[in-house]
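Me: I'm new to this one. Can you walk me through it?
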Amino acid sequence: MYVRHLGLRDFRSWAHADLELEPGRTVFVGPNGYGKTNLIEALWYSTTLGSHRVGTDVPLIRAGATRAVVSTIVVNQGRECAIDLEIAAGRANKARLNRSPVRSTREVVGVLQAVLFAPEDLALVRGDPADRRRYLDDLAILRRPAIVAVRADYDRVLRQRTALLKSLAGARHRDDRGALDTLEVWDGRLAEHGAELMAARIDLVNQLAPELEKAYQLLAPGSRPAAIAYRASIDGFGSADTGGADGTDRDFLEAALLAALSGRRDAELERGMCLVGPHRDDLELRLGDQLAKGFASHGESWSFAVALRLAAYELLRADGGEPVLLLDDVFAELDAARRQALAAVAEAAEQVLVTAAVLEDVPAGWDTKLVHIDLRDDDSGRISEVQL
């Protein structure tokens, strides 16, 4: 799989871009702040419908514009597919596949498969649980696009149930039988969708674990073994006890969630928030018998973060795909050994798109196509452009 064309309109610092890309390795070169990462971000958005740098779409629209457009042409086993995404301010985004409108932007997920390595990946180890949950969900959706609807259903129910809990917070509504009955209905829906999302995540973690161990050993030979496990927010349901015979029994998970919601009812009513469910779960990372977060050195943390991405890449390849590798200024963050290990993996990829501030950040000996990025002043501000 490779991206043949990337077109941008009013995306971040790009007022206009039309890039013809090829298989192999392409390096976007230019000083920091010139818009190189914005190209990688646009491709990642086409992959996941989300940015790896911000949690909302508004910053993606160039200042002064009302919408941004990201267009890609993806070639997979000789077949071309065009993806057009319109990111709007204050209204629903739109999407087209092969120039035909689709009912939901979610229908484009999975057309482009990519694995992104970026400086922000350090948050996978040192950051909040939300960063690790997003890593799991993005990968699960790439492998099974139907999961995007599961997560959307869960998020919708979570918002509704949280709003109800907020309205019931405090003592004055504790005897409102009708409201409490409504809360029980939302409990059931949260448990139903939550169990499906948890089952998908646990299944994914089970498959990631051996790939992660191998990838970390490649990056840090002789180091303590790396391991991952799914830690649920249900009392008595720790990382080693992922439920059911194989951890993916949805009936078991749904019953466990319902029991946990019942057990935390008073605390939830007191605080006006949902304290149980996959939105509070975490991916536990270990080096030897210690948690990576708080105990791993800077180098170990980077090795773990890169290993997580390499493990995702290997799973996608095992599914029969050949994901595009997006390397956003990541070589500058790695020492020589880790750079060499990542470069070796990239050698076998059909397409690798790299950003670098200087060519010295690119592994020596790589056969690459260079695309120089410049920045110029315009009436609407400073905009990025390809230097011809």
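This is a predicted model: local features need pLDDT of at least 70, side-chain atom pairs count only at pLDDT 80 or more; totals for chains, interfaces and linings use all residues.

Me: Where is H8, and how far does it reach?
Reply: H8 covers residues 298-318, 21 residues in total. From first C-alpha to last, H8 reaches 30 Å, close to the expected 30 Å. The expected span is 1.5 Å times one less than the number of residues.

Me: How many of its residues are buried?
Reply: 16 of the 21 residues of H8 are buried, so H8 is largely enclosed by the rest of the structure. Buried means under 20% relative accessible area, with a 1.4 Å probe and protein chains only.

Me: And across the chain, what share is buried?
Reply: Buried residues make up 53% of the 388 residues.

Me: New topic. How many helices and strands are there?
Reply: The chain has nine helices and 15 strands. These are DSSP runs numbered from the N terminus: helices are H or I with at least four residues, strands E with at least two.

Me: What about charges?
Reply: There are 48 positive and 59 negative side chains, and the centres of the two sets lie 3 Å apart. Lys and Arg count as positive, Asp and Glu as negative; His and the chain ends are not counted. Each charge is placed at NZ of Lys, CZ of Arg, CG of Asp or CD of Glu.

Key. Residues are numbered from 1 along each chain as its sequence is written. Side-chain values use heavy atoms; hydrogens and water are left out. Buried means under 20% relative accessible area, exposed over 50%, partly exposed in between (1.4 Å probe, protein chains only).
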